[in-house]
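Please read the following briefing alongside the sequence and the coordinates.

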Amino acid sequence: MTTVQTILNLKGGDVATGDPSLTVGQICARLAEQRIGAIVMTDEQRHVIGIISERDVVRVIAQHGAEVMAEPAGRFMTRTVVTCTRRDTIDELMDMMTRGRFRHVPVVDGGRLVGIVSIGDVVKHRMADIEREAEEIRNYIATA
Ligand code: AMP
């Protein structure tokens, strides 16, 4: 079973992070430039203190109008962030994402941010697992 560590070995530990004082407009610019869906908010020690995703941006603009673009993103970020460890499995991540209805899970080690897994990573690796399992069954049948 694929673990978070396997995913990070392939994609690396880079995470788009930001400070809660960044404006919503600056968050939008980063999401667009880096073609990603969320920014993890961290303190100086790389502790996770929040997350803001494209969904939050859409919601606050719908609620308050375009003036929020100049407001600090920290006002609108999610503060209770569900995180995982390198040892968690793909199934556990799928469970977290399904229950919590979010598509990003930051990876922490010793309380510090070391990576992120998105729903895209989960789908890609789950499909590879399914392919591998199917190949094993085909080989088993062929040699039985
Ligand atoms: P997403 O599906 O990642 O765009 O996020 C949907 C909503 O869940 C947004 O309000 C995010 O701030 C929030 N969110 C995203 N990831 C997490 C997470 N790992 N833990 C808690 N909330 C999250």
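How do the residues of the shell around the ligand divide into nonpolar, polar and charged? They divide into 5 nonpolar, 4 polar and 4 charged residues, where Ala, Val, Leu, Ile, Met, Phe, Trp, Tyr, Cys and Pro count as nonpolar, Asp, Glu, Lys and Arg as charged, and the others, Gly among them, as polar. This is a predicted model, in which local features need pLDDT of at least 70 and side-chain atom pairs count only at pLDDT 80 or more, while totals for chains, interfaces and linings use all residues. Residues are numbered from 1 along each chain as its sequence is written, and side-chain values use heavy atoms, with hydrogens and water left out.

**Ligand surroundings**

- The ligand is surrounded by 13 residues, of which the closest are Ser53, Asp56, Thr78, Arg103 and His104; a residue is near a molecule if one of its heavy atoms lies within 4 Å of it.
- At least two residues of this shell come from each of strand E3 (48–53), helix H3 (54–64) and strand E4 (104–109), with helices (H or I, at least four residues) and strands (E, at least two) taken as DSSP runs numbered from the N terminus.
- An oxygen atom of the ligand lies 2.5 Å from a side-chain N or O atom of Asp56, and an oxygen atom of the ligand lies 2.6 Å from a side-chain N or O atom of Thr78.
- A nitrogen atom of the ligand is 2.8 Å from a polar backbone atom of Val82, and the protein covers 90% of the 480 Å² of accessible area that the ligand has on its own (Shrake-Rupley method, 1.4 Å probe; for residues, only the protein chains shown count as cover).

**Chain as a whole**

- The protein chain has 5 helices and 5 strands, which follow the pattern α-β-α-β-β-α-α-β-β-α when read along the sequence.
- The C-alpha trace spans about 65 × 35 × 25 Å along its principal axes, and the chain exposes about 8600 Å², of which carbon and sulfur atoms supply 53%.
- Of the 144 residues in the protein chain, 35% are buried, where buried means under 20% relative accessible area, exposed over 50%, and partly exposed in between (1.4 Å probe, protein chains only).
- Among contacts (heavy atoms within 4.5 Å) between residues at least 6 apart in sequence, 56% join residues at least 24 apart.

**Helix H5**

- Asp121 lies in helix H5 (residues 119–143) and counts as buried because its relative accessibility is 13%.
- The side chain of Asp121 makes a polar contact with the side chain of Lys11 at 2.9 Å; such a contact is a pair of N or O atoms within 3.5 Å, and within protein one must be able to donate a hydrogen and the other to accept it, while residues adjacent in sequence count only if both atoms are side-chain atoms.
- Apart from neighbours within four places in sequence, Asp121 is in contact with Ile7, Lys11 and Ile116.
- Glu133 is also found in helix H5, and Glu133 is partly exposed because its relative accessible area is 37%.
- The C-alpha atoms of Glu133 and Ala66 are separated by 49 Å, with the two residues 67 apart along the chain.

**Strand E2 and the cysteines**

- Thr42, in strand E2 (residues 38–42), counts as buried because its relative accessibility is 10%.
- Cys28 counts as partly exposed at 22% relative accessibility, whereas Cys84 counts as buried at 1%.
- The count of disulfides comes to 0, a disulfide being a pair of cysteine sulfur atoms within 2.5 Å.
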